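Take a look at the model first, and then we can go through the packing together.

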Amino acid sequence: MSIIEMLRQKRVYIAVGVAILISFVCVIGIIMPGKEYLLYGNYYFTEGIAEHGTVIYDEISLPPGVYDVILEYDTNTSMKNLCYLEDGTVYTGGLLTNGENLHKNLRQTDFRMWLFEGTKNLQMKVLYGGEGMLITGNLTIRETNALWTMVLTITWSIVVAVCAIFAFGKYDKAVGGDIEKKNIFWGLVCIAVLASVPCMQNANLTGGDLGYHLMRIEGIKDGLKSGQFPIRIEPEWLFGHGYANAVFYCSTLLYFPAILRLLGFTVMTSYNAYCIAVTIATVGVAYYCFAGIFKDRYIGLLCSGLYTFSVVRIFHMFFRAAVGEYSALIFMPLVLYGLYRAFTEDIKSKSYKNVWIPITIGYAGLIQTHVLTCEITAFLTIIICLILIKKVFVKETFCVLAKGALGAFFASFWYLIPFLDYFINEDLHVHYVSGRTIQERGLYLAQVFFHWWKAGYKTLTNHEGMAESHAMGVGLILGIGLAVFFVFWFSGKWKTVKAPVIGLAKISWVLGSLLIVLSLSIFPWDKLHGINDTFASLISSIQFPVRFLSWGTVFLVVVFGSLLWYFKESDRKQLFYAGTVVVIVSIFTSGIYLMDYLCHDRELVRVYNEEGMGFGYVSGGEYLIQGTDTSALDFGVLTFSENVEVISYESGALCMKVNCINYGGNTEYVELPLLHYNGYRAFDTQTGEELNTVKGNNNVVRVHLPSGFKGEIDVRFVSPIHWRLSEVVTYVWWICIGAIVVKRRIGKEKREVRNAENVE
Amino acid sequence: MWNKYKILFGIEIIVLFFLLLGCFQKEKLIWADADIVLTEENILYKGTEFSVKPGVYQIRVSASDAVLGQVWCSVKANSSPFRAFRCNETVLTNGSVFLESEIYVVGSTDGLYAECSTDGQAVRIENIEIYRTNLGNRMGVFLFVLLSAGLNYMLYFRERILLQSISKEKQFAFWSLSACIIITLFPYMTDYIGYAPQVMKLCERIKQLSENQTVVWAVEDLLLALPVLFRKIGFSLMVSYKMYIFVITAATTVVTYYLLFWCFKKETAALLGTVVYILAPQRIMSVYERGPIGVMLLNREFGEGAAWQSGNVWCILLICIKTLVVVGFYLWLEKKADPKIKWWIVFCLVLVFVGEAVYCVNNIAYTYAPVWIYS
């Protein structure tokens with residue numbers, strides 16, 4: 001039964017009809033120009049007297065909608081005063097806004113407000129810190145079409161989900177289908193739903209890096225808005241100076257929440273949606289890989305559950321909000337699955353030719369989510385290849401591995417070239433962080449196998465023991481798997497089992513144990529750090545030894561799965577069922593128990609847009625140009641040499657137009673509020689002549705103005721040609737892959753038709 | 001067995017020989033200073049810097065006259081690799097003239113220095129000396145003998161398994177009881193000890209018994225002979241106590257298993273009973289909260305009958321009764337129930353007991369404040 005046939009039913013037509021009707025209304029709402037509400041007035045704050053929550057506009061009447069709020073002001077301080085909106089009459093969650101900090105070089109705010117209930121009592125308030133001068137002026141509230149784009153998106157999401165359910169219902173009625181597949185499907189749905197519970201609220205759980213990753217999402221959104229693609233430098237970050245975060249920390253998956261932002265949703269909702277999407281992907285990919293390894297759907301389901309509810313994943317997702325690391329967890333099983341197939345499948349089989357695909361997707365995914373995890377993966381792959389060196393040099397296997405590696409390389413070429421370009425040619429702060437030691441951040445053995453985790457608050461546990469620490473480790477259940485597998489190995493049980501799964505489990509046991517040791521505080525990281533600069537730099541970049549446990553968890557899940565597989569294959573059904581019970585009980589008592597604590601005890605954050613966060617937070621600032629003083633950066637600071645006069649200027653995203661005159665007899669300069677990463681170019685708009693740009697004070701863009709220059713200069717960031725070529729290479733590669741897939745599919749269909757004809 | 005592993009045994013003997021040689025090396029003075037006067041105006045003394053290699057060192061401080069107030073002495077480092085050296089600040093208290101304390105160095109450390117301070121009372125310190133001792137070698141020998149014995153036993157055990165001369169029930173019992181011991185010792189899989197007043201008192205007593213020759217041994221101190229012995233070998237106070245708890249737990253496990261086996265003549269019943277007894281949260285709490293000889297200590301601290309009043313004895317009795325009830329239930333199931341149903345009931349029971357114990361040890365590890373006691 002084809003998908004179209006499955007969708008041919010009355011209720012689907014009704015659902016789509018309703019959606020079209022709503023869409024029609026939404027489109028009208030989107031097309032119609034938004035209303036503008038203007039309020040006039042001035043408010044003078046007395047210098048030196050702090051005022052908290054002074055109402056400057058009262059009883060503002062507005063219908064539901066999403067608005068841009070523009071308050072005119074004049075101040076000589078930055079980040080000291082805040083304006084925001086409040087309304088005590090709308091329901092909780094009916095008004096979403098964080099307000100905006102006031103900056104000395106800006107003249108008006110431009111923040112967004114989501115109002116889901118009509119009001120007559122909206123108030124504009126200002127928090128004045130008492131420092132410097134502050135005068136507020138007129139207020140403009142401009143209606144946007146974001147409410148309608150949100151409704152449109154939600155409508156179609158619901159319709160797609162409903163239609164899928166209807167289609168599944170029809171398919172089930174017509175074909176019946178296998179009960180095992182249904183059990184598996186609903187099992188996976190349960191895992192995904194339960195694992196997403198902490199994201200199903202109108203807030204984000206606080207996490208160490210949450211602010212930084214929310215800024216990344218905002219950066220992608222701003223970049224897309226300004227027409228940049230792919231995003232290389234987030235334009236609004238660092239008070240409009242631009243931060244080349246995307247060059248180093250690939251944001252492929254973050255385009256999804258960024259698009260939700262463009263559709264009008266708050267950054268909080270977009271992030272929660274992203275977490276849910278990552279969870280669903282993790283559940284699905286883990287099931288696909290583990291079921292593929294063990295050739296058993298139920299074991300695949302159980303392993304997927306163990307993996308999704310693993311302490312490491314919960315730690316990365318909810319304690320650290322480490323977007324890169326928990327996103328990388330989607331792809332790690334794919335690499336293992338690809339390698340397993342490459343080394344165990346019959347090299348003459350037809351399916352063997354496709355084995356490179358999971359390796360490629362896995363590696364490409366890892367490179368584009370978290371480079372450090374990718375490095376660890378490469379290190380582990382080398383170990384596996386060394387263990388199986390004989391198999392590596394079998395022609396077909398070698399080809400598959402090479403194809404997988406090259407595939408990942410070309411799929412990530414668009415990202416790797418700019419990354420290497422800046423990494424080699426820019427003097428970045430990341431090159432100077434080798435002083436950081438990591439051993440003190442290692443775990444105790446008791447932490448590794450802890451089961452009943454709670455929402456602790458301590459990260460660096462070794463100074464204070466493990467009391468009240470963050471949940472970190474692989475968990476008791478995987479530890480039990482490790483121990484039982486060892487006992488069987490010790491007792492000579494595996495000598496009699498000649499299956500590739502056990503071979504994989506043995507390697508997994510060794511590597512899993514090794515990674516656990518690497519994560520412990522007793523591992524002499526500090527000693528290795530002291531050997532030389534290369535070691536120091538490598539070890540510093542690891543930052544947390546607990547990072548090794550991501551792969552440790554993958555390996556231990558394989559070990560546990562292999563035990564279940566053994567019980568099932570050796571017809572010890574009772575033990576298999578007991579193992580199943582243990583897995584389910586442990587998921588509830590460890591993973592879900594921990595998430596329950598998290599939801600209850602952990603602080604919540606409600607941030608709706610970047611204005612609510614400020615524009616300056618760059619976490620460790622690894623990708624800043626060395627020597628940049630971020631505290632000296634502010635919006636719109638233009639400086640120039642003595643003989644230059646700036647008549648006017650206009651700033652945009654990573655670009656600026658400056659009308660200026662050089663009265664001097666020598667080359668003079670003008671410095672713009674843009675961080676000078678390689679790629680900035682300046683042109684005289686009249687003659688088209690290119691002007692020289694260099695790093696100025698605090699590494700901002702400095703444009704050299706020739707003697708007697710008079711006119712407008714246009715400065716903008718232009719991706720270098722080799723970056724553009726790298727993008728072309730990746731596009732071509734994807735087109736080739738698409739063509740191969742289509743060709744193979746057509747070939748397969750033809751073969752099936754031919755076979756059917758032969759049978760007839 | 002001998003033929004198969006003779007190379008291993010040979011290596012073990014050779015290594016042991018060389019380790020033993022190290023035990024006879026003499027103490028070596030690493031650093032010293034003399035004639036230091038601490039006054040009300042000058043309450044802090046900081047010695048010159050010195051470097052150390054891995055080993056066990058001792059700081060020895062002697063005052064010219066009996067100290068009136070308190071003098072704190074310790075060895076510190078300007079910067080050192082994480083936990084490369086471990087020692088506690090020790091105190092010369094009212095009336096004493098000599099202090100000795102161990103410094104455990106696990107990684108080469110530079111920039112160490114001795115520091116002394118007073119509470120304001122004038123003190124004249126005759127000598128401060130840092131010695132490299134042979135305690136590390138003694139510990140090495142002890143640990144090597146222990147590990148070799150463990151390894152050899154495991155190899156012997158494996159040989160017997162492969163020769164099928166050990167029944168599956170016995171193998172199962174061995175691994176299960178080992179797992180129970182490991183679960184019980186979970187809170188001590190750290191480099192510190194969880195703070196509990198009674199445990200601290202026990203450590204203090206071990207310290208007194210091992211360091212002060214004049215202390216009179218009471219009857220209830222007999223069990224503490226073991227940690228005192230470990231301390232004499234050279235282990236830190238904390239490690240000695242942890243090893244003692246390990247021995248006590250292992251002994252309790254073995255004794256319980258054999259006693260139950262002797263009573264019921266059934267391996268599975270004995271195993272189930274031992275699991276219930278060893279993993280009983282009341283027992284675990286006794287170990288980590290009250291100290292393993294809590295009953296005796298309570299009697300000594302608060303007089304005869306204190307243990308009964310505090311409920312300790314009732315707790316122990318309750319664990320015994322609980323064990324017997326579970327074993328009795330199991331034996332009844334053996335006779336009456338369908339084997340499959342019996343299997344599942346026992347499985348669920350074990351799951352509950354293990355879960356309860358894991359919760360208990362996790363809670364202890366997660367909530368008890370850490371204390372690092374080396375000497």
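In this predicted model, the axes of helix α10 (residues 297-308) and helix α24 (residues 573-601) of chain A come within 10 Å and cross at roughly 25°. Axes are lines fitted to C-alpha atoms, for helices over the stretch in contact, with angles from 0 to 180 degrees between N-to-C directions. Helices are DSSP runs of H or I with at least four residues, strands are E runs of at least two, and both are numbered from the N terminus.

**The helix pair**
- α10(A) and α24(A) are therefore roughly parallel to each other (an angle under 35 degrees).
- The crossing of α10(A) past α24(A) is left-handed: the near helix is turned anticlockwise from the far one by less than a right angle.
- From α10(A), A:I299, A:L302, A:G305 and A:L306 meet A:F576, A:T580, A:V583, A:S586 and A:I587 of α24(A), where contact means heavy atoms within 4.5 Å.
- Six of the residues in this contact are nonpolar, three are polar and none is charged (Gly counts as polar).

**The whole chain**
- Chain A has 25 helices and 21 strands.
- The C-alpha trace of chain A spans about 90 × 70 × 60 Å along its principal axes.
- Of the 760 residues in chain A, 54% are buried, meaning under 20% relative accessible area with a 1.4 Å probe, protein chains only.
- Among contacts in chain A with a separation of 6 or more, 77% join residues 24 or more positions apart.

**Conventions**
- Residues are numbered from 1 along each chain as its sequence is written, and chains are lettered from A and ligands numbered from 1 in the order in which they are written.
- Local features need pLDDT of at least 70, side-chain atom pairs count only at pLDDT 80 or more, and totals for chains, interfaces and linings use all residues, while side-chain values use heavy atoms, leaving out hydrogens and water.

How values were computed
Angles under 35 degrees count as roughly parallel, over 145 as roughly antiparallel, 65 to 115 as roughly perpendicular and the rest as oblique. Buried means under 20% relative accessible area, exposed over 50%, partly exposed in between (1.4 Å probe, protein chains only).
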